[in-house]
Amino acid sequence: MKHLILFISAFMMLSFMAKAQDSPMNEEQRLEVSVETPIGIDYEPASELLQSNIQQALILNGLSSTTGRFTTITKVVAISKDVTATAPAMIVTNLNITLLIGDLYTGTLFGQCEFEVKGIGETDSKSYMDAIRKVKARNPKLRSMIVKSKEKILSYFDANREQILNRIDAHITRKDYKSALIEIYSIPKASAELYNEAGERLSKIPAETISSTQINSSILDEYHFNGTRAERALIFNK
């Protein structure tokens, strides 16, 4: 039984570390950034289109659009709405769109950009939809914000490496293994060096504890903040 436990512990540690080797980036090693439902849009098809375009922009720029600690918050404000004097009359809608990338766990803001877009249509909804279509996944301003945010996120983990590892070690010393595991699995795989160093701590945690402790995105969220993800995202809506 003892040999089995040692084998499980070694296997878990090697599996953990193998995910962050310096090989070409695969899907698992992409920085995970989710996309929250846009704030300020009442027209659901427009909300879904904007969310889809942002998800595509993340993927195009080397990130993974999946649920994680980092997220994109989008705020939409209607600046004006006018009716043309043409026949037929057309509705012109001007929107201000603010996009943010932040860390739900720490409340840290890593990137922000704004767009002003104009839409024209025969109805309110068509005009609004036309404006939202102007936010393209390949937009240079959006691309720049995503790339710079990724750089800042990875720099954050480099700068806070010792503090994070010390926190994990303190949990292990107190035999608070679940908290240690949560802290370890809160580190993005894209931060390969820190991810590997944290993974080495798995050898200090009993294998039976590792195998019996469930760690998923919901548990990580509950550990780091109260309420839902949408409620937590409101910290950036200031």
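Okay, housekeeping. What we have is a predicted model, where local features need pLDDT of at least 70 and side-chain atom pairs count only at pLDDT 80 or more, while totals for chains, interfaces and linings use all residues. Residues are numbered from 1 along each chain as its sequence is written, and side-chain values use heavy atoms, with hydrogens and water left out. Helices (H or I, at least four residues) and strands (E, at least two) are DSSP runs, numbered from the N terminus.

So, the sheet. In what order do the strands of the open sheet come? They run β2-β1-β3-β4-β5, five strands with mixed pairing; by pairing I mean that DSSP finds at least two bridges between two strands.

Let's walk across. β1, residues 31-35, pairs with β2 in the parallel sense over 2 bridges, and leucine 31 has leucine 63 as its bridge partner in β2. On to β3: β1 and β3 are parallel too, over 3 bridges, with serine 34 opposite threonine 71. β4 and β5 are antiparallel over 12 bridges, and asparagine 96 faces glutamate 116 in β5. Those two strands form a hairpin with 5 residues between them, and glycine 107 in the turn has a positive phi of about 80°.

Now, why do I call β4 largely enclosed? Because 13 of its 13 residues are buried, buried being under 20% relative accessible area with a 1.4 Å probe, protein chains only. Both faces are covered: Ile91, Leu95 and Leu99 are among the residues pointing one way, Val92, Asn96 and Leu100 among those pointing the other, and all are buried.

What lies on the sheet? Helix α4 (residues 140-159) goes across β1, β2, β3, β4 and β5, at about 165° to β5. Angles here run from 0 to 180 degrees between N-to-C directions, with axes fitted to C-alpha atoms, for helices over the stretch in contact.

Next, a helix pair. α5 (residues 161-173) and α6 pack at about 160°, their axes 7 Å apart. That makes them roughly antiparallel, the label for anything over 145 degrees. Who makes the contact, meaning heavy atoms within 4.5 Å? On α5 we have Arg167, Ile168, His171 and Ile172, and on α6 Tyr177, Ser179, Ala180, Glu183 and Ile184.

α6 (177-185) comes up again with α9: the buried residues of α9 pack against α6 and against α10 (229-233). In α9, residues 217-224, those are Ile219, Leu220 and Asp221. And what caps the N-terminal end of α9? Asparagine 216 does, with a side-chain oxygen 3.1 Å from the backbone nitrogen of serine 218. That's my tour, thanks.

How values were computed: Contact = heavy atoms within 4.5 Å. Buried < 20%, exposed > 50% of the residue type's maximum accessible area, 1.4 Å probe, protein only. Polar contact = N/O pair within 3.5 Å; in protein donor to acceptor, adjacent residues only side chain to side chain. Parallel < 35°, antiparallel > 145°, perpendicular 65-115°, else oblique.
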